[in-house]
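Here is a brief report on a predicted model. It looks at overall build first, then at one helix pair.

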Amino acid sequence: MSIVSEARPACGEGLAPKTVVFEPDRPLLTDGGGRIAPLAIAYETYGALNAARSNAILLCHALTGDQYAAGVHPVTGKPGWWEAMVGPGKPFDTDRYFLICSNVVGGCMGTTGPSSINPATGKAYGLDFPVVTIRDMVRAQAMLIDHFGIETLFCVAGGSMGGMQVLQWAASYPERVFSAMPIATAAKHTAQNIAFHEVGRQAVMADPDWRSGRYQEQGVRPEKGLAVARMSAHITYLSEAALQRKFGRKLQDRSAPTFSFDADFQVENYLRYQGLAFVERFDANSYLFVTRACDYFDLAADYGGSLAMAFKDTKTRFCVVSFTSDWLYPTSDSRAIVHALNAGGASVSFVEIESDKGHDAFLLHEPMFVATTRGFLNSAAAARGLAPNGNSK
Amino acid sequence: MNFTPAREAPEQSAQPLDQPRLDLAVIADMVASGARVLDVGCGDGALLQLLAQKKGVDGRGVELSQRGVNECVAKGLSVIQGDADTDLADYPDDGFDYVILSQTLQATRRPRAALANMLRIGRRAIVSFPNFGYWRVRTQLAVTGRMPVTGHLAYRWHDTPNIHLCTIRDFVELVDQLGARIERGVALDRSGAPIRFNAPWWVWNLFGEQAVFLLERGGGQR
């Protein structure tokens, strides 16, 4: 296929050595009527694809995640976002499975997004980038999976926005998804979810350096606004119990309040740090686009308002996971998914993991979560005929 | 052997989840090969595994305890965390051929609603429960004047999860009220051996320590 060229960084700052570029004769046509071409998809892989191409797992990253699920992140120098779960002997066992993780369309780690060059203008897209949806992200991923010559994914797994992609995969390509793990996620964004995202977007847009999204050309970055957006979002990823345990009312490097607006409290200092660290690695316009994609997500709406219809007659094996202290995508959201799957007659397991770490629990080493994931994947591997070494039996 | 307190937190459960249960083989015998089965209160999945091995069923489970669900998922069973009292309502009509409630009915808050839901979700329901009409239970109450505590009903009155105990006669009456039909019934004696089917009712109700019923939805229902 001449439509694909390998390893040519098409956007970003050449950070992603593994990139597939789909040339303009294979555009990504978006739900909103947009057209993205050329389309670069930056990805990472871990482990080896077996001869039968039957051991591939697609990991879908969350809102501000990227393709670096494991190993060392090239920008932050920190471990990949799912280091707790991905690696030799871990549930997503790199000795057994071929793991693929790609940066979502609209992102900023090498996949085409608002910071990429718009071929029509020669300048960064900015807000001219088409508003993308979760389904658009999944369409792009499907192009990548086609590129790898993989017919059926052994599993599609991810948490939060990644979990939305998992649900969309199962609904859009049921025959290509052998098993699915939607984790700490929801089939639609609630008013509260949209509200928090809107606060974040308004914080970005209120920064004078945002310049109506054209900050790149003008050599500035709306770092303050993006940092505030991250600070408010970060609170939603934690739980009150976790914040209280970690910080309480403890003061930062001082014994008494200063009666000023310094970061007297440790929790203030922590949030400021989170905001600053975030702007180092994330693009403000990308933040607008990925939050918008989540807001538009309502899987049932594409199926006449019935989530069960999205999964009708599916053969995919599902394992739905929620966490007790997650108030961003609470267990009730996962139960709605489970009910729909049950109504559709799907094979579904559902576990609510006891944790006080809030939404972020899915990124951490939670022993019950690890055991559940391992058990589910092992049984699915047995049903798929995958030997422990990843070969086809 | 105790009765599985399906609604009780598992970590404090008095019953080890891996203990084999006498009624499982009797239940398995009632299920047709290759059927679609929903096991409500499936514990560690022992019955689902037995049904998969012996009858090749397409099985699903509902279990309240996180420990039970995790064990089931680790075994490759499709089990969701849920409660017989609240979650059966969400299942569609006729989603399954059989809905099984094994040693759990007496621990539900609303046994009648649970049974009605089961017969809505599946054409057939299989229910096993401890018989409070068993002669040793009657004797304890009559002689000592206190709530019975037996090997099967091992809890004291104030800490038991078994809040809706019934006798075989009580159960048969409830089935009748729901317009369902008893297709098969087996009472198990103290040794776990089935009492012969053609024994009169009062014999069942007196000598059966537990009972297993295969019910079919009545034509008049729904």
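How many helices and strands does the secondary structure of chain A come to?

## Chain A: secondary structure and dimensions

Chain A has ten helices and 13 strands. Its C-alpha trace spans about 70 × 50 × 40 Å along the principal axes.

The radius of gyration of chain A is 21 Å. A compact globule of 393 residues would have a value near 21 Å, so the two agree.

## Chain A: burial and contacts

Of the 393 residues in chain A, 53% are buried. Contacts in chain A with a separation of 6 or more were also sorted by sequence distance. Residues 24 or more positions apart account for 69% of these contacts.

## Chain B: a helix pair

Two packed helices are described by the angle between their axes and the distance between the axes. In chain B, helix α1 covers residues 23-30 and helix α2 covers residues 46-55. They pack at an angle of about 45 degrees. Their axes lie 10 Å apart.

Which residues make the contact? From α1(B) come L24(B), I27(B) and A28(B). From α2(B) come A46(B), L47(B), L50(B), L51(B), K54(B) and K55(B). By class, the contact of α1(B) with α2(B) has seven nonpolar residues and two charged ones. It has no polar residues.

Notes: Residues numbered from 1 in each chain as written. Chains lettered and ligands numbered in written order. Predicted model: local features only at pLDDT ≥ 70, side-chain atom pairs only at ≥ 80, totals over all residues. Axes fitted to C-alpha atoms, helices over the stretch in contact; angles between N-to-C directions. Helix = DSSP H or I, 4+ residues; strand = E, 2+ residues; numbered from the N terminus. Contact = placed C-beta atoms within 7 Å. Nonpolar A, V, L, I, M, F, W, Y, C, P; charged D, E, K, R; others polar. Rg over C-alpha atoms; globule rule 2.2 N^0.38 Å. Buried ≥ 20, exposed ≤ 12 C-beta atoms within 10 Å, placed from the backbone.
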